Amino acid sequence: MTKIEDNCIRLEFKSLPENVALARVVIASLVSQVDTTLNDLEEIKVAVSEAVSNAIVHGYQNNTTETVIVEGEIKQGILKVSIEDTGIGIENIEEAMTPAFSTSPDRMGLGFVFMKSFMDEVEVFSEPGKGTKVVLTKKLINSGSCALAAN
Amino acid sequence: MVTVKIKNDNLIIKVFGELDLVVAKEFRETVDKILMDKPVKNLILDLSQVSFIDSSGLGALLGRYKLVQQKGGKMSIFGANPQVFRILDLSGVRKIIPVFQTEDLELEKRRANQ
Ligand SMILES: Nc1ncnc2c1ncn2[C@@H]1O[C@H](COP(=O)(O)OP(=O)(O)OP(=O)(O)O)[C@@H](O)[C@H]1O
Ligand SMILES: [Mg+2]
């Protein structure tokens, strides 16, 4: 059994819609390094996609010349992904995280719903005019049992 | 990528790849232009080549559903892979837009002719 090494990455990219897929794929690759399920992988991809899309669409109001920072870390089988923008920020975080709440008429307010249902923990730090940081945490199912089996 | 087929008053759209922010925009623009220009009524959406969908994709689907409804047409989805199907289900979109597991053209036709 191979030992699971802790790992981390940092990604900084322009606020282009095309980069949502890029962030998703990079985090998925990081997660694939440990023994996890395909289902977990799919869920993590959706959660990351939601947070990065929000940074671009809401944080930067679709302005494509700004910067988004995504950091991914796996430590003792626990994945932590942070998605950060320096955009408009969120006035009322609790309201923003309410299912079906959206400030865009053509959106469904599902982003945080998916983040919450697919990750173990969703933390939001935001200040109006300063920006938003979303931290997503998830225990990667098989990593613990795998480490145990290795002993 | 999005491909377009028109059969009578049915617009059949096939989406390829990952239905996120980027592809959602292409899908929206393609469908809206055809709904404006052509005498089509119903929208049949083939998701068999879609490997990923997120809320931006779902929002685009629901937006088109509303447009089609306003024109008195019907919309349906088919071919979603299990992963995409699960998202359609969890989001509640499946309760609004009929989702078929496989391409059942007869069923589609009947629905469209209702
Ligand atoms: N990074 C961000 N910067 C500023 N506002 C944000 C950010 N992320 C979320 N929000 C606010 O929180 C609201 C809810 O976000 P959520 O992702 O749940 O729904 P949505 O993006 O509006 O719709 P959907 O995700 O279904 O397309 C947004 O409408 C927006 O007002
Ligand atoms: Mg969102």
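1. Phe114(A) and Phe118(A) are four residues apart in helix H4 (residues 111-118) of chain A, so about one helical turn separates them. Helices here are DSSP runs (H or I, at least four residues) and strands are runs of E (at least two), numbered from the N terminus.

2. The model is predicted: local features need pLDDT of at least 70, side-chain atom pairs count only at pLDDT 80 or more, and totals for chains, interfaces and linings use all residues. Residues are numbered from 1 along each chain as its sequence is written, chains are lettered from A and ligands numbered from 1 in the order in which they are written, and side-chain values use heavy atoms, leaving out hydrogens and water.

3. Rings of Phe, Tyr and Trp (its six-membered ring) pair if their centres lie within 6.5 Å; planes under 30 degrees apart count as stacked, over 60 as edge-to-face and the rest as tilted. One aromatic pair is counted over all chains. The ring centres of Phe114(A) and Phe118(A) are 5.6 Å apart and their planes lie at 5°, so this pair is stacked.

4. Both Phe114(A) and Phe118(A) are buried, where buried means under 20% relative accessible area, exposed over 50% and partly exposed in between (1.4 Å probe, protein chains only).

5. Between the chains, the charged end of Arg24(A) sits over the ring of Phe52(B), 4.0 Å from its centre. The rule is that NZ of Lys or CZ of Arg is within 6 Å of the ring centre and within 35 degrees of the ring normal.
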